[in-house]
Amino acid sequence: MHVRTHHDATGDTIIVRYADDFVVGFQHKRDAERFLQAAKERFGRFDLELHPDKTRLVEFGRFALNDRRKRGQGRPETFDFLGFTHYCTETRGGYFMLGRKPVAKRMSRTLKRLKESLRRRMHDDVTDTAQWLGQVLDGWLNYYAVPTSHRHLRRFRERLKRTWLHSLCRRSQKDRSSWDRTAALAEVHWPKLTNRHSWPDQRFGVSAVVGATQGRRRMPSSRRWRPTILT
């Protein structure tokens, strides 16, 4: 199943999809609005619908910053996709740049789960725990260490360190754990914060339809929606 857009789109288009979540970018807002309406109608024929909480039209991309400034509006909206919050930013030279950072709620959930795990490991050898936390952080960096996310990952790292220190201090009133000691162990056993992914090759257009499907009944795999944009 695909929604035809090549007859109506008057500018550049791009689609990024993973499973039933997708982002479709258009250079012109009117093209995005037409696509959104066509997608709703097309999904309805297959007893599917766009997720009402995750589907929205946002002004985004290399023209959004300047256009909104001219209209006296604030910064462009952000959107979450595949665990990242995507936002508009600029290089030092004033050119548009796509910013990505871990979704804040996902970071908080991860830290909460790690806090619970550290309670169970409270009396383990601190070096073993430092190595285990290093493996956890390494997994996070493998996914989230992209350009523009460094300061957010640094904040996550510091919060993790404080969570660990708090757990160590709960072991006993006589526990000699300190911030310096915890920092030293982290320096030895935790990976460095470096980018592990290159810059994205594509940039989104001015307006993007951000959405996710919500099925009222399970469709056979051969009939699930496979979006295609023809230009």
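Predicted model: local features only at pLDDT ≥ 70, side-chain atom pairs only at ≥ 80, totals over all residues.
Me: Which residues touch the most other members of the largest nonpolar core?
Reply: Leu133, Trp164 and Trp190 do, in a core of 24 residues. Helices α3, α4, α5 and α6 each supply at least two residues of this core. The largest share, eight residues, comes from α4.

Me: How do you know that the length of α4 agrees with its residue count?
Reply: Helix α4 covers residues 126–144, which is 19 residues. At 1.5 Å a residue, the span should be 27 Å. The end C-alpha atoms are 26 Å apart, so the two agree.

Me: What do the buried residues of α4 pack against?
Reply: They pack against β6, β7, α3, α5 and α6. Among these buried residues are Leu133, Leu137 and Trp140.

Me: Why is Thr110 called buried?
Reply: Buried means under 20% relative accessible area. Thr110 has 7%, so it counts as buried. Thr110 is found in helix α3 and touches Trp140 and Phe156, again leaving aside residues up to four places away in sequence.

Me: What makes the pair Thr110 and Arg106 a polar contact?
Reply: The cut-off is 3.5 Å between N or O atoms. A polar atom of the Thr110 side chain lies 2.9 Å from the backbone oxygen of Arg106.

Definitions and conventions
Residues numbered from 1 in each chain as written. Heavy atoms only, no water. Helix = DSSP H or I, 4+ residues; strand = E, 2+ residues; numbered from the N terminus. Buried < 20%, exposed > 50% of the residue type's maximum accessible area, 1.4 Å probe, protein only. Polar contact = N/O pair within 3.5 Å; in protein donor to acceptor, adjacent residues only side chain to side chain. Contact = heavy atoms within 4.5 Å. Expected span 1.5 Å × (residues − 1). Core = buried A, V, L, I, M, F, W, Y, C linked by side-chain atoms within 4.5 Å.
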